[in-house]
Amino acid sequence: MMAELSRDARLSAAFVKVADTLVDDYDVVDLLDTLVQVCTDLVDSDAGGLLITDPDGWLQLIASTNEEAEFVEVIQLNAGEGPCVESFKTGEGVTIPDISEEDRWPAFCAAALQQGFQSMHAFPLRLRGQTIGAMGLLSNTTGELSESNLAVAQALADVATIGILQERPLRDTTLVTDQLQRALDSRVIIEQAKGVIAAQTGANLHTAFAILRDYARSNHLNLSTVAEEVAERTLTLPASEHLTTQ
């Protein structure tokens, strides 16, 4: 029971650590380094590396836990083949329980065995059909990862991918300007909606926003869309428990 509780605690800490990296003006390298570190620790691997595509579509090494893992990833890049390259191309996970018995990628296998690695698992960085890289976790022993460990590593990779795909467009100045303007426009509508809710329910503006936000979340709707309907009086939101704690 204690071991299971310890695993639950480690799992929660891993997701919190990755999520905490997704702050304003976060650094992608920091995010991906955090990802590969926590995954290596969480699934009891010995090393890890991460490749990500550049604007021209070429994979590049961006993070690794040690020099041995970095060497193996670089060999994959130079050869243009290996489990991470394959995972990137297919958008699927790749499992190699015993590298010594793998014959698809001789350059990778030789490099991995030379560095003392006996098994590897690669996970795509993917979101809705778009794959932007791959993470490889290496072990000094043979064997497959458990289903739960495979699921955890992929889930963490997915979280990081979401952050990257949100950040990349912000590198374009025009898109930054457009997104900021859209945010400002939405904010005006939200303020109007808060005023309407406050007048209808007697809530203060802070509570009015909580009512608006909770309605949007519980109904899986865009906050700005709900705010616009409230401001235009085409939607009246019900009062909530927030009023009792105001």
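Helices (H or I, at least four residues) and strands (E, at least two) are DSSP runs, numbered from the N terminus.

Figure 1. The model is predicted, with local features needing pLDDT of at least 70 and side-chain atom pairs counting only at pLDDT 80 or more, while totals for chains, interfaces and linings use all residues. Residues are numbered from 1 along each chain as its sequence is written, and side-chain values use heavy atoms, without hydrogens and water. Along the sequence the pattern runs α-α-β-β-α-α-β-α-β-β-α-α-α-α. This amounts to nine helices and five strands.

**Figure 2. Crossing of helices α3 and α5.** The axes of α3 (residues 67–79) and α5 (residues 106–114) come within 9 Å and cross at roughly 165 degrees; axes are lines fitted to C-alpha atoms, for helices over the stretch in contact, and angles run from 0 to 180 degrees between N-to-C directions. The angle therefore makes α3 roughly antiparallel to α5 (over 145 degrees).

**Figure 3. Residues between α3 and α5.** From α3, Phe71, Val72, Ile75, Gln76 and Ala79 meet Ala107, Phe108, Ala111, Ala112 and Gln114 of α5. The residues of this contact (heavy atoms within 4.5 Å) comprise eight nonpolar, two polar and no charged. Ala, Val, Leu, Ile, Met, Phe, Trp, Tyr, Cys and Pro count as nonpolar, Asp, Glu, Lys and Arg as charged, and the others, Gly among them, as polar.

Figure 4. Of the 246 residues, 41% count as buried (under 20% relative accessible area, 1.4 Å probe, protein chains only). Among contacts with a separation of 6 or more, 58% join residues 24 or more positions apart.

Notes: Parallel < 35°, antiparallel > 145°, perpendicular 65-115°, else oblique. Buried < 20%, exposed > 50% of the residue type's maximum accessible area, 1.4 Å probe, protein only.
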